Protein chains: 2
Amino acid sequence: MHWPATLPPPDIEAIAEQVFQALADPTRRAILARLAAQGPATATDLADCLPITRQAIAKHLVLLADAGLVTPELGERRRVRYRLHSAPMQLAQQFLAALAHDWDDRLQALSDHLDRPAPVPRHNNQHSN
Amino acid sequence: MHWPATLPPPDIEAIAEQVFQALADPTRRAILARLAAQGPATATDLADCLPITRQAIAKHLVLLADAGLVTPELGERRRVRYRLHSAPMQLAQQFLAALAHDWDDRLQALSDHLDRPAPVPRHNNQHSN
DNA sequence: CCTTGATGCAACCAATTGGTTGCTATACGA
DNA sequence: TCGTATAGCAACCAATTGGTTGCATCAAGG
């Protein structure tokens, strides 16, 4: 399902998950690389320079379109050209950055806490061990 | 295969691919979230708070360790605790950022090129609309 | 010594995935 | 009108994946 790219994304994590899944496959990355290098292309075009069938390409393009990384646009002769769209990747990138930062924060807090399991009270009235 | 984390990564793209693959799975993200929230844990610990078996967790941990997101450390009673490691995620994040930037550059160049197939001369002699 | 709890390994299973072939429909050109 | 080329759909297939059960092993504690 393609939600219009102008509306704010319903869930950053969902977008990020789709982008991760999309980018985890080498064939998908090849498709994206081709689109980045030569601009919009049809599934048939892509099948010409990749060692798999047009239908396999088409399936990948559906997945990429769902992730928002690519948008289909109807051409003149009922041909559908797919154009690259980098916005969701930047979203995923921000998500990754936030996640890494969050992890480091939490782990730092944990380590701080575990280093001082019984913080020394300011008064010297510790009444037991 | 665990290459020692002290050596420089053999290939950024390979690391990124593994991180993407790792982060594409919700169970794996749950494991990582748990490790971020409560610190290092064993596969058995994780199985206690997730609805799948310890062996399933263990398989995910192998994958996560391969991606470098987690490092196993041998504990006292032959127990193996897994500790979170955010470095490869930051690498993947940088990879994503570079990729997005590269795409935008190439697409901008393409669009520039296609917009001016015959560059307009500087004089105001545009002879048609 | 025997029980208990934790790890590791292997086999197995079902669902998903990446890919193919085959078919239909449609748009253009000779 | 017929031929060519492209897009879309469905069925099928093999490999991978996420998960399970079962078993052998090892470390402590009674």
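**Entry 1: the hairpins**

I started with a turn in chain B: in the hairpin of β1(B) and β2(B), with five residues between the strands, B:R78 takes a positive phi near 60 degrees. Strands and helices here are DSSP runs numbered from the N terminus, with at least two residues (E) for a strand and at least four (H or I) for a helix. Before going on, I noted that this is a predicted model, where local features need pLDDT of at least 70, side-chain atom pairs count only at pLDDT 80 or more, and totals for chains, interfaces and linings use all residues. Residues are numbered from 1 along each chain as its sequence is written, while chains are lettered from A and ligands numbered from 1 in the order in which they are written.

Two strands count as paired if DSSP finds at least two bridges between them. I looked up the bridge partner of B:E73 in β2(B), and it is B:R81.

Then I checked chain A. Its β1 (residues 70–74) and β2 (residues 80–84) run antiparallel with five bridges, and A:E73 sits opposite A:R81. In this hairpin A:R78 has a positive phi near 60 degrees.

**Entry 2: two helices in chain B**

I looked at how α2 (residues 26–38) of chain B packs on α4(B): the angle is about 80 degrees and the axes are 10 Å apart. The axes are lines fitted to C-alpha atoms, for helices over the stretch in contact, and angles run from 0 to 180 degrees between N-to-C directions. The two helices are therefore roughly perpendicular, a label for angles of 65 to 115 degrees (under 35 is roughly parallel, over 145 roughly antiparallel, the rest oblique). On the α2(B) side I found B:T27, B:R28 and B:I31, and on the α4(B) side B:I57, B:H60 and B:L64. Contact means C-beta atoms, placed from the backbone, within 7 Å.

**Entry 3: how A and B meet**

What rotation superposes chain B on chain A? I got 180 degrees with 0.0 Å of shift along the axis, at an RMSD of 0.1 Å. That is the relation of a two-fold axis. In chain B, the residue that comes closest to the axis is B:F20, at 2.4 Å (C-alpha).

Next I looked at the interface, where 24 residues of chain B contact 24 residues of chain A. α5 (87–115) of chain B is among the elements supplying at least two residues, along with α1 (12–23) and α2. The most come from α5(B), with 14 residues. 100% of the interface residues of chain B are also interface residues in chain A, so the copies meet through the same surface.

**Entry 4: the DNA strands**

I counted as near any residue whose C-beta atom, placed from the backbone, lies within 6 Å of the strand. DNA strand C is surrounded by 19 residues, the closest being A:I52, A:T53, A:A56, B:T42 and B:T44. α4(A) supplies the largest share of that surface, four residues.

Which residues come nearest to DNA strand D? They are A:T42, A:T44, B:I52, B:T53 and B:A56, out of 19 around it. Here α4(B) gives the most, four residues.

Technical notes. Least-squares fit on C-alpha atoms with pLDDT ≥ 70 in both. Contact = placed C-beta atoms within 7 Å.
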